[in-house]
Amino acid sequence: LYPVEFGGILSSDPSRDAVDPWPLEFTPEGQKSEFLRLAEGGGNVDAWDAFPGFYDYFGVKGVKDKAVVLAGLASPKAGDDDARQFLLVDRATGAGRVLYIGSGE
């Protein structure tokens, strides 16, 4: 049912110091998502800007077919595809939807 593929044991990045939060980085699909809308009339990103971010995440191997990445964490290693950590991933499953949240916070 998960919209992501797990690679081995779930673990966070061992090089991550977890002192400063990483802000959310919304994809175009995440910016349009109705259920992520926190404010009336504005875009999703506007209201989420006040949120400092997450301190840790669970790394995944990849995203399954037909899954939609809604948000990741803005990594200091920006530009490196492997550094992109998927935080919110959505996928239609049967008559419903499954949402993966890649942090326990």
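This is a predicted model: local features need pLDDT of at least 70, side-chain atom pairs count only at pLDDT 80 or more; totals for chains, interfaces and linings use all residues.
Student: How many bridges join the paired strands, β2 with β4, β4 with β5, and β5 with β6?

Tutor: Taking the pairs in sheet order, β2 and β4 pair over three bridges, and there Glu 25 stands opposite Gly 72 in β4. Between β4 and β5 there are five bridges, again in the antiparallel sense, with Val 69 opposite Val 89 in β5. Strand β5 (residues 85-93) is joined to β6 by six bridges, and Thr 93 has Gly 96 in β6 as its bridge partner.

Student: Which residues make up the largest nonpolar core?

Tutor: The general idea is that nonpolar side chains in soluble globular proteins tend to be buried together. Here the largest nonpolar core has 12 residues in all, among them Trp 22, Leu 36, Trp 48, Phe 54, Tyr 57 and Leu 87. The elements β2, β4 (68-73) and β5 each give two or more residues to this core, and the largest share, three residues, comes from β4. Apart from this core lies another of seven residues, including Val 60, Ala 67, Phe 86 and Val 89.

Student: Is β4 mostly covered or mostly open?

Tutor: Strand β4 is mostly covered, since five of its six residues are buried.

Student: How do I read a pair of aromatic rings, and how many such pairs are found here?

Tutor: A pair of aromatic rings is described by the distance of the centres and the angle of the planes. A search of the whole structure finds six aromatic pairs. In one of them, the rings of Tyr 2 and Phe 6 have centres 5.0 Å apart and planes at 85 degrees, so the pair is edge-to-face. Tyr 2 is partly exposed, at 49% relative accessible area, and Phe 6 is partly exposed as well, at 31%.

Student: What is the arrangement of Phe 51 and Phe 54, and is Phe 54 buried or exposed?

Tutor: Phe 51 and Phe 54 form an edge-to-face pair, at 5.2 Å centre to centre with 65 degrees between the planes. Phe 51 counts as partly exposed at 32% relative accessibility, whereas Phe 54 is buried, with a relative accessible area of 12%. Ring pairs also link Phe 26, Trp 48, Phe 51 and Phe 54 into a cluster.

Note on methods:
Residues are numbered from 1 along each chain as its sequence is written. Side-chain values use heavy atoms; hydrogens and water are left out. Two strands pair if DSSP finds at least two bridges between them. Helices (H or I, at least four residues) and strands (E, at least two) are DSSP runs, numbered from the N terminus. A nonpolar core is a set of buried Ala, Val, Leu, Ile, Met, Phe, Trp, Tyr and Cys residues joined through side-chain atoms within 4.5 Å. Buried means under 20% relative accessible area, exposed over 50%, partly exposed in between (1.4 Å probe, protein chains only). Rings of Phe, Tyr and Trp (its six-membered ring) pair if their centres lie within 6.5 Å; planes under 30 degrees apart count as stacked, over 60 as edge-to-face and the rest as tilted.
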